[in-house]
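User: Could you take a close look at the aromatic rings in this model, and at what sits next to them?

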Amino acid sequence: MKVVSMGTGYVGLTTGVAFAYLGHQVVCFDVDRAKIDSLNHGKLPIYEPHLDELFNLATSNLKFTDKEEDIGLDFADVIFISVGTPSMPDGRADMQYVQMAAEMIGRNLGDHFTVVVNKSTVPIGSGNWVSSLIRDAYLKQHGQKPDGRFAMASNPEFLRQGSALFDTLYPDRVVIGGEDTNALDMMTNLYRPILNQEFAAPDFLQRPEHLGGVPLLTCDLASAELIKYAANAFLALKISYINEIGMLATKVGADITQVARGIGLDSRIGPRFLQAGIGWGGSCFGKDTAALVATASEYGLKMPIVESAREVNYQMRIWVVDQLLNELKILKGRKVALFGVAFKPNTDDLRDAPSIDIARNLIQRGAKVSAHDPVALENARRLYSGLGIIFTDDPYQAVADADAAILVTEWPDYRKISWSQIKSLMKGRLVLDGRNFLSRPEMEALGFAILNVGK
Ligand code: UGA
């Protein structure tokens, strides 16, 4: 099939590369010329494990352009709208890029049938809205209605940054929303290799042994749109819940890791996303929970559970600084080293990263903050050079003379560095393990004083 991905962020690029690998002809479009130039030179604009390898395998089926006339929208069978939908100050999603994409599609629709797919996380009702934008743009361009030329579908993505390709090729489910049976059939055909797991797994991303087929859920547009928000909000509140229980665990002398294991073994609850720590960040949970609350309020509804999950989450970032204040008594003039700047391991993404809020808070209280990250420093320097954080490529330099260190992101590298060397370089001995990631007995044997979340 001829597939177009409008937008080359995490979702658009991963989707485009994956469908190209599965044998489709894929054109990726982005308004950002620098990104397109770099992709045309074989350089990926994001850090995502294995994406470069799959990209190299699929390159003969991939084309990148920033020019409307070169996309070939008139020949496309399936067009994914995968542009950004950042949060506006009131929590609603900013839809200007979706609108631009929809109008471009409308201007360029060809004579054959095309499925236009909302892949970006868009507010409920966006399927209808995008459809009307496409119709209006077509009418304006051609002086007639585009009847029968296109139909809308919603195909929310559930990929996690850092495991984006695994989640795309081996998903728990595929959700396709839409009212047009022809569009649903085409989408099912597009996904068939994934649904039936009938493609050759790349060497570097083996198929999980237990995976037979992937469930497909087809439903109406609004349900597909709500599934996306409801799933992300549920995962976000699962994490906030374990963190809230973690706060109580500390008070009563319990260990949150044991508690999480004990409740996660109940198959109705499940063990995943019960890792206590300094909470979630990233481009999705914060944005999507805010958008869900904003959508509900448009209908006069409150979402106290989702709102509380947000409150608990952002409180964790303040809790970290309060812990340091409790232990060090004075923060002014202290040096605190942060291990990890990215919002999670295996990504260089800093959107809504807890590290930045924690650093900002410490600096406001008069502390000096140094920070290390294995891959996100380039982005950190570009985006946050004004904050006063000392970014360093050397983890040992980051802790030189530090009064305390905080493990913010559980990069595997931080299990491999020499903590005994770190101990000798630090002035103090306090380490706040914000992800319960390091071995407490081993760290204590080296002379560190360890603070955990929920222990
Ligand atoms: C999340 C969802 O997991 C994906 O299914 C969804 O497609 C994606 O949002 C999206 O909407 O695009 P992502 O934000 O990339 O994916 O990463 P996650 O692995 O979900 O982690 C999010 C945050 O939760 C991270 O900061 C992570 O450190 C934190 N987390 C995760 C915890 O604190 N505890 C856990 O047990 C799990």
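Analyst: Let's start with a charge: the charged end of Arg 415 sits over the ring of Phe 437, 3.8 Å from its centre. Sitting over a ring takes NZ of Lys or CZ of Arg within 6 Å of the ring centre and within 35 degrees of the ring normal. Arg 207 likewise lies over the face of Phe 199, 4.7 Å from the ring centre.

A quick note on ground rules: this is a predicted model, where local features need pLDDT of at least 70, side-chain atom pairs count only at pLDDT 80 or more, and totals for chains, interfaces and linings use all residues. Residues are numbered from 1 along each chain as its sequence is written, and side-chain values use heavy atoms, with hydrogens and water left out.

Now the ring pairs. Rings of Phe, Tyr and Trp (its six-membered ring) pair if their centres lie within 6.5 Å; planes under 30 degrees apart are stacked, over 60 edge-to-face, the rest tilted. That rule gives 11 aromatic pairs. Tyr 170 and Phe 199 have centres 6.0 Å apart and planes at 25°, so they're stacked. Tyr 170 and Phe 199 are both buried (under 20% relative accessible area, 1.4 Å probe, protein chains only; exposed is over 50%, partly exposed in between).

Trp 419 and Phe 448 pair up edge-to-face, with 5.8 Å between centres and 85° between planes. Trp 419 counts as buried at 8% relative accessibility, and Phe 448 does too, at 2%. Finally, Phe 273, Trp 280, Phe 285 and Tyr 314 form one aromatic cluster.
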